[in-house]
Amino acid sequence: MYYQDKIESLKSIFKKEELFLEGDFLVVDNARYPIINDVIILSKPSEYTDFVKKELRIKDAANNREVEDFARDIQYTFSKEWEQYNEILPEHKGEFLEYFDLVPLALLQNLRICDLGCGNGRWSYYLKDVCKEMILIDFSDAIFIARKNLTNANNCLFFMMDLKNLPFKDNFCDFLFCLGVLHHLPTPCLNEVINLKRFAPTLLIYLYYSLDNKPIYFRLVLKIVTLLRMHLCRIKSPIFREIFSQFGTFFFYIPLIFLGQLLKPVGLGKYIPLYETYNEKSIKRIRQDVYDRFFTRIEQRVCRKEILELKNTFTNIIISENKPYWHFLCKR
C-alpha cells in the first residue's frame, strides 16, 4: 500500500503512537478512516462527497444533512471545477513563482510543507522535488485529481477534510500555504488565518483583494459581477456552466484583454479591468477562472489595511507588492 512506508510520518503528523493500516483504512486510536485511491478520508461522514459515498457504498440519506459552517455548494463547485480543469498547465509555473516571490525556495529544502486547499495540486507539483515531504489537503473531490497529478511523487500524503477541522498536532508542518481558499469559506477569512497559526511557524496566504489599489470603477464593475454571480451560482447544470464559461471568456474577458493590449503602448493598459491579470493567460486558463468567478457563492475580499491588522496576532506580516493581490507571509 502507498502509506506502508509512511507510518512514521503519519504518527508524527497526528502525534499518535496508536496508528496503523488495516486493509483500506487508517486506524488512529479508535477511529478508522477509509483510504480511497491513496487519499485518506478524514472528512466527517456528513461531509462526504457523492463520489466518496459511492466508493464506500454509503446510501444513508442522513449523510446529506446540512452541517453548520460547511458550504456543500462550494464543495460541489470545486469538485466539478477541478474535474473539468484537471491539467497542470505550463503557465501554472509562472503563477507559482508569482505566489512564492516572498519565499526563497532553497529555504524549503528538507522541510515538511502543507498545501491547504490544494485543488488539482498545481502548486505542490512545483514543490515536490524541493521539499522533504508534501501534505495535500482538500475537502472536495479535487484531492483525487491532485493524487493523479502527483502520481510519480512518493513524498506526498493526501487527505480529504475540511480545513477548519484539522485533527493534526500543533506544528505538524514547517511551512503552510493556502492560496485562494480561505475567502471561499462561510466563516471570516482573516479569522481562519489566525486559526492556522498553531500549525506552522510560517504561513503563505492569498486572499482576494477589495481592489483597494485600483480606480473606483473597478469596484463598480465588481459589484455588477457579484450581483450576477449570486444568481448564476445557484445553477448546477454542467452544460449551462460550460456554455457560460465559454461565453464569459470570449465576450467579456477577451475583449477587455484586447483593449488593454491596445492601450498598453500609451501606458493605459493597467487601467483596464482584467488586463493585468489575464493578458498572458491561455484561453483554457481564463475559462477556468470564469467558472470559478461566477459559480462560487462565497467570495470574501480584504484590503491591505485589514491584512496588516494581523500584526496583532503574528510577529510579522509581509505583503507582496506584486500580483496577485494580496498574497502575504505570516510569521509567528
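In which helix does L220 lie? I placed L220 in helix 7, residues 216-232. The model I am reading is a predicted one.

**Entry 1: surface patch.** I looked up the accessibility of L220 and found a relative accessible area of 48%, which makes the residue partly exposed. L220 belongs to a nonpolar surface patch, together with I216, Y217, V266, L268 and Y271. I recorded about 570 Å² of accessible area for the six residues together.

**Entry 2: nonpolar cores.** The largest nonpolar core holds 86 residues, and F100, F159 and L176 have the most contacts inside it. I listed the partners of F159, leaving out residues up to four places away in sequence; among them are L10, F14, V39, I135, D138 and F168.

**Entry 3: cysteines.** How many disulfides does a search of the whole structure find? I noted zero. For C118, the nearest cysteine sulfur is that of C114, 8.9 Å away. C118 is buried, at a relative accessible area of 0%. I also checked C156: its closest cysteine sulfur, in C131, is 7.0 Å away, so the two are too far apart for a bond. C156 is likewise buried, with 0% relative accessibility.

**Entry 4: the loop at N171.** I located N171 in the loop that joins strand 7 (156-160) to strand 8 (175-179). The residue is partly exposed, at 40% relative accessibility. Setting aside neighbours within four places in sequence, I found N171 in contact with R198, F199, A200, P201 and R332. K197 is 26 residues from N171 along the chain, and I noted 8.9 Å between their C-alpha atoms.

**Entry 5: salt bridges.** I counted 21 salt bridges. D5 pairs with K6, with 3.1 Å between the closest N and O atoms. D5 is exposed at 56% relative accessible area, whereas K6 is buried at 5%.

I next examined K284 and E87, whose side chains form a salt bridge with an N to O distance of 2.2 Å. This pair links distant parts of the chain, 197 residues apart: K284 is in helix 10 (residues 283-294), and E87 is in the loop between helix 3 (72-84) and helix 4 (91-99). Both are partly exposed, K284 at 27% and E87 at 40%.

Last, I followed R301, which meets E299 in a salt bridge of 3.0 Å, N to O. R301 is partly exposed at 23%, while E299 is buried at 15%.

Note on methods:
Residues are numbered from 1 along each chain as its sequence is written. This is a predicted model: local features need pLDDT of at least 70, side-chain atom pairs count only at pLDDT 80 or more; totals for chains, interfaces and linings use all residues. Side-chain values use heavy atoms; hydrogens and water are left out. Patches are made of residues with over 30% relative accessible area and no salt bridge: like charges are joined within 9 Å, nonpolar side chains (Val, Leu, Ile, Met, Phe, Trp, Tyr) within 5 Å. Accessible areas come from the Shrake-Rupley method with a 1.4 Å probe; for residues, only the protein chains shown count as cover. A salt bridge is a side-chain nitrogen of Lys or Arg within 4 Å of a carboxyl oxygen of Asp or Glu. Helices (H or I, at least four residues) and strands (E, at least two) are DSSP runs, numbered from the N terminus. Buried means under 20% relative accessible area, exposed over 50%, partly exposed in between (1.4 Å probe, protein chains only). A nonpolar core is a set of buried Ala, Val, Leu, Ile, Met, Phe, Trp, Tyr and Cys residues joined through side-chain atoms within 4.5 Å. Contact means heavy atoms within 4.5 Å. A disulfide is a pair of cysteine sulfur atoms within 2.5 Å.
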